[in-house]
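Keep the sequence and the 3D view side by side as you read.

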Amino acid sequence: MAIASSPPQTFAAPARGQSVNARILRLAWRSPEMKVASALFLALCLLTLFGPFVIDASATKISVADKFLPPIFMEGGKLPHILGTDQLGRDLLLRSLIGLRNAFLIGVVSVVLMFVLGCAIGIYSGYRGGWTDVVLMRITDIQMSIPVIILAITILGMSRPNPVTIIAVLVLSGWPIYARVARSVTLAERQKEYVRAARIIGASDLRIMVRHIAPSILPPIAFVAVLDVARMMIFEAIFGFIGIGIQPPTPTFGTIIAGGTQYLLNA
Amino acid sequence: MAAQPLLSVENLSIFLGSGDAARKLLSNVAFKVEAKSVLGIIGESGSGKTLLSRALVNWVRPPLQVSSGTVVYQGRNLLALPEAEMACLRGREIAYIGANPTTALDPTVPVGHQIEEKLRAVEPGLSRSEARRRVIELLDAVRIPSALSRFDEYPFQFSGGMMQRAMIVDALISRPKLLVADNITQPLDVTVAAQILRLLRDLQRDFGTAIVFVSSSFGTIVEIADEVVVLDKGTVVEAQDTRRIQNAPVHPYTRELLARVPRLWHDVGGIPAVNSEPVVLSVRDVARTYEVKDRTSLFGKNRVQAVRGVSFEVRRGESLGLIGESGCGKSTLSRLLSSLEPPDRGAIEIDGVDVATLRGEALLSMRRRFQLLLQDPYNSIPSHVSIGETIAEPLRIHGLASGRKLREKVSAVMQEVGLSPDLQDSLPVGLSAGQRQRVNIARAMVLEPSVLILDETLSALDQVEQAKLLDLFDNLQRKHGITYLYISHDLAMVRRACSRIAVMYLGKIVEIGDNETIFNAPAHPYTRTLLSSVSTVEEKPFLPKDYLLEGEPPDPIHIPEGCSFRSRCPFVIDACRSIEPALVIKAGASAAACHLGMDDLPPPRICTVARGVTGLQRLENS
């Protein structure tokens, strides 16, 4: 009624019409930290994506003549091997970039999966309570008690390791933390009045869990997740180092270090 | 020495921030506190009361800045005192109690030990056992039941009222000359607040402590203070003797404050009448018991009887008030009524359909008919969702509108409850408590319910905002014929808004009747106690000295046999010990669950022209 008669009021501020999320992003973009961090991240991504095409060398081709070349800023270094070569004459910068790409992909994908799986189980467990909660949390405890490396050796040692199985192992060992955190935050959120309010207007349990509880538990869990990407990358390197990671000739951080260890003291 | 006041504040101004952006919060405040007297400071929220009370103990920290003035305590300017010297005075000679006892006590240390620790810090020579003895003595003096065992209990084992008493002990243990009490009765139930007030008066007499009593409630202030300072937007507008300020307020702001104090007996006008429309909501013998783990045994369970058989009916377009103190089962009842939990037994019928047995789709469509408004305006709306989306959610869930139509409906309901439709796309972050509560109301109203349950919906708001929302509820009722169920502890609000009133105690309705009867001729001693402890500026028909309760309600695990009120009732007779009284119609036309007849209770004092009323009449004449 009054709305139709006064369009200038409703549409006076176009910024208002945007979704809340868009405005939050815009607000975040105003901080210089956000800009610097984004720029760095973007640079790394571009380097790992396009580096292999730009650098005129091979990460896998063996060339005994060029083995143990030092980086170019040291005596004896030569182009195109900016960071030098390894014991088989393969370009180290290129190998590192490809290793980083693999590690990062495995880290991000596995964290996203364990995040979704863990949160779903945690929210459900905390929201339901009772026996559901007891059973799910005991399963979580059991899973938590199995060391990652032993789980990895068992599974990856029996199958042929590839990115999919590595991610599966990481997700399997990583989700309990998310389930635990999500559950504890859910227990607190469940008591809050807005959840009661949602039930009063007739919202289903699923809707409450997805639309109301999930967004409010995001901040504490997102923080864990960001740190976990780095942790998963380290695990990926460890797997590579002990030989149960992505198999050669594809370079990974683990195999690069493993290949170099016996020459470390001679260098 | 005798002529010199204990504390005098001169020309005190405090700013927030510095430079051009500075905001003046207190300007040129001046008053005096005589030794052994009680000074009341009254003001609305935001008037600078708390800031002033903190300045009295030199507790003003950046970005707040004292720009001028002195606080002279026994010849020394506290504001200029070095921190070390101030620390010697604070807690020793000048004590401070804040509004929130739950955050003032360390949750990990037993209450008695905290007080003992303080006492020994103040008097280092004291032996442990001597300190302990003195703390227990004082805990006894503030009537904490079985102080000896309470000494070793943790704060979470104390109720709000008991914690506030413990804070009083904590403040008085060092026998201070001056006590600053900032809004200490605000979070308490009326009967407990009345007990605390009486306690403070007794202690003040026994120990000779001067008290600065800060409060936003006129009724509380006039009950305790000898002299009153009225604070408005950081300036003292009036300082007077208590009796004079009540009878002949000078400043218009004081008159406004006084006029705004809700009246329960005099000049009430506009009480909603009882109607005879068909019954909309019918509650029959509803009960709910929770099982909680008994910590003293491995598998033991304690049964908490939160609601023990409640029955009442509400007619279409009527407002029923349900009053009671915290812990009486109000909130549990509101959960049962709004179908968040099923009752153990009994029926809750809305238009003849028992909602307690409904499930799934049937319950969902029934939910449109009855909505619950919650108390906390900050927690009850999600903070990460835009206001428009919050209000639109019920429509989406029930599939009532979408797209353009949805937006229009949301705008319409926002206008109806007094929110600008421009706010649709904003987050609730900057909203005031009142505006948030309007969002809450809009979310319920968008479903066009026929019954609205208000569970302490207005108790978090100040009086002005409360009055505005009550008007809004009135309008909505007239326009849509909505039935209200007010669940509250606020007697004045219920007096204004409800045609019939039910009083709850320990999970049962002890008295139910129409508004006039409940307030003027109640038949249950508990109802009379509630009425006697309400703080107001008018003369009451029931006086605290006849009805004041000792202690607190028994916990709902150990409900006394016979009449559940007998452990606190001043008029207990033999029958109360064994026979549980049923609700019967009494002489005053209300139904009450009490063995006593109206004649067994002291007659209501006839209200002559009360002091407060003469003040009011003066105001109207001027």
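## The buried side of H17(B)

In this predicted model, the buried residues of H17(B) are B:Gln466, B:Leu469 and B:Phe473. Viewed down the helix axis, these buried residues fall within an arc of 70°, so they line one face of H17(B).

What lies over them? The cover of the buried residues of H17(B) includes helix H16 (433-445), strand S18 (483-488) and helix H18 (491-497), which belong to chain B.

## The other face, and the helix as a whole

On the face directed away from the buried side of H17(B) you will find the exposed residues B:Val464, B:Asp471, B:Arg478 and B:Lys479.

H17 of chain B runs over residues 463-480, which makes 18 residues. From its first C-alpha to its last, H17(B) reaches 25 Å, close to the 26 Å expected at 1.5 Å a residue. After H17(B) comes B:Gly481, which has a positive phi, near 65°.

## Where chain B touches chain A

How many residues does each chain bring to the contact? Chain B supplies 28 residues and chain A supplies 21 residues. On the side of chain B that touches chain A, the elements giving two or more residues are helix H13 (360-367), strand S16 (370-373), helix H14 (387-397) and helix H15 (403-416) of chain B. H15(B) gives the most to that side, with four residues.

By kind, the residues on the side of chain B that touches chain A are 12 nonpolar, nine polar and seven charged.

Methods: Residues are numbered from 1 along each chain as its sequence is written. Chains are lettered from A and ligands numbered from 1 in the order in which they are written. This is a predicted model: local features need pLDDT of at least 70, side-chain atom pairs count only at pLDDT 80 or more; totals for chains, interfaces and linings use all residues. The expected span of a helix is 1.5 Å times one less than its number of residues. A residue is buried if 20 or more other C-beta atoms lie within 10 Å of its own, exposed if 12 or fewer, and partly exposed in between; C-beta atoms are placed from the backbone. The arc is that of the directions from the helix axis to the C-beta atoms. Two residues are in contact if their C-beta atoms, placed from the backbone, lie within 7 Å. Ala, Val, Leu, Ile, Met, Phe, Trp, Tyr, Cys and Pro count as nonpolar, Asp, Glu, Lys and Arg as charged, and the others, Gly among them, as polar.
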